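User: I'm new to this one, and I'd like to go through it slowly. Could you walk me through what stands out?

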Amino acid sequence: MGLIAFLRGVIGVARLESAWIVRQPSWMIQVILIMMGFVVLLWAWGGVRGLGYMISGWMIASAFSTGVNIMGQIVGWGRVTRVIDLFIVSPITPIAYFTGSLLGSLAIFLVDVAIFTSIGLLTGYLSLVIYSLIASLLVLPIGVLLGLSIVFRVRKPTNISAITNPVASIISFLPPVLYPASILPEPLNVIACLAPTAAGAELARAVSGLGSSLDPLLLTAILLAWIAILITISRRIVLWSLE
């Protein structure tokens, strides 16, 4: 497949999978309201510094959820409706399909980035927003690979949301994502940061100057290890066929 054909395939899939933004815009409103509720909560709890933890934690959690939950459900429902079969028998390659599906699922994450950029400008945390976005680029593929590994492993794709929703919620809110790992005693703070969301949030805080109790190199190594492991696992699980 040539580059032009590849890009046309990616854009076509992205347009198809992002149609929900126009058809069901209430989902976007719901997400924004929930996020603003957490903004008020974290500001009331920790003032401007609390908003710093909110910025780094929510952006990382949003990137992870985009991959494991939204991307997982897009592919999962594609299997349920058999729409994915149309792509399998078409000239579109697996990479083009998954890339297009990912682009079509980025709307919520991009809205989060826009809102937190505004908050960053008002609070002086713009550098934290930038570093959180960079860290998100490491967490996003982890979420995508984990989501694909789950959705192609589940025998009944109709159950995918019952799996990906809890996975995204637990890994995003239980570890030190919206709160600093420093409040946990050693070695629990290191163990908690084995979660990719926690490692990503702590990495953004460490390099931006907000502060972290862990070495940025260790946090980066954790994220890269997750990516390497999930690439190996997903290559054995994700099948591009009619089987």
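Analyst: Let me begin with a term: a nonpolar core is a set of buried Ala, Val, Leu, Ile, Met, Phe, Trp, Tyr and Cys residues joined through side-chain atoms within 4.5 Å. Please keep in mind that this is a predicted model.

User: Okay, which residues touch the most other members of the largest nonpolar core?

Analyst: Those are Phe116, Leu148 and Phe152, in a core of 68 residues. Helix H3, which covers residues 26-80, gives the most to this core, with 16 residues. Apart from it lies another core, of 5 residues, including Met28 and Ile108.

User: What does Phe116 touch?

Analyst: Leaving out residues up to four places away in sequence, Phe116 touches Met35, Val39, Met54, Ile55, Trp58, Met59 and Val129.

User: And how confident is the prediction, going by mean pLDDT?

Analyst: The mean pLDDT of the protein chain is 86, and 98% of its residues reach 70 or more. Among the elements of the chain, H10 has the highest mean value, 94, while helix H2 (residues 20-23) has the lowest, 73.

User: Let's look at H10 then. Is Ala199 buried or exposed?

Analyst: Ala199, which lies in helix H10, has a relative accessible area of 0%, so Ala199 is buried, the cut-off for that being under 20%. With residues up to four places away in sequence not counted, Ala199 touches Cys193, Leu219, Ile222 and Leu223. Ala199 and Ile222 are 23 residues apart along the chain, and their C-alpha atoms are separated by 7.0 Å.

User: What about Thr197, which polar contact does its side chain make?

Analyst: A polar atom of the Thr197 side chain lies 2.4 Å from the backbone oxygen of Ile171. Thr197 also has its place in helix H10, and because its relative accessibility is 0%, Thr197 counts as buried. Among the residues that Thr197 touches, not counting those up to four places away in sequence, are Ile60, Phe64, Ser172, Pro175 and Val177.

User: Switching to H11, which of its residues are buried?

Analyst: The buried residues of H11 are Leu219, Ile222, Leu223, Ile227, Leu230, Ser234 and Ile237. Because they cover an arc of only 135° around the axis, they sit on the same side of H11. In general, an α-helix has 3.6 residues a turn, so residues three or four places apart point the same way.

User: Which helices do those buried residues pack against, and which residues are exposed on the other side?

Analyst: The buried residues of H11 pack against helix H7 (126-151) and helix H10 (196-208). On the other side of H11, the exposed residues are Leu217, Ile229, Arg235 and Arg236.

User: How does the span of H11 compare with what it should be?

Analyst: Helix H11 has 22 residues (216-237), which should span 32 Å at 1.5 Å a residue, and its end C-alpha atoms are 31 Å apart, which agrees. At its N-terminal end, Asp215 caps H11, with a side-chain oxygen 2.9 Å from the backbone nitrogen of Leu217.

User: Last topic, the backbone: which peptide bond is cis, and what is phi of Arg82?

Analyst: The peptide bond from Glu186 to Pro187 is cis, with omega near 0°, and Pro187 is found in the loop between helix H8 (160-173) and helix H9 (188-192). Phi of Arg82 is near 70°, a positive value in a residue other than glycine, and Arg82 is found in the loop between H3 and helix H4 (83-88). For context, most residues other than glycine have a negative phi, and most peptide bonds are trans.

Note on methods. Residues numbered from 1 in each chain as written. Predicted model: local features only at pLDDT ≥ 70, side-chain atom pairs only at ≥ 80, totals over all residues. Heavy atoms only, no water. Helix = DSSP H or I, 4+ residues; strand = E, 2+ residues; numbered from the N terminus. Expected span 1.5 Å × (residues − 1). Buried < 20%, exposed > 50% of the residue type's maximum accessible area, 1.4 Å probe, protein only. Arc of directions from axis to C-beta. Contact = heavy atoms within 4.5 Å. Polar contact = N/O pair within 3.5 Å; in protein donor to acceptor, adjacent residues only side chain to side chain. pLDDT = per-residue confidence, 0-100.
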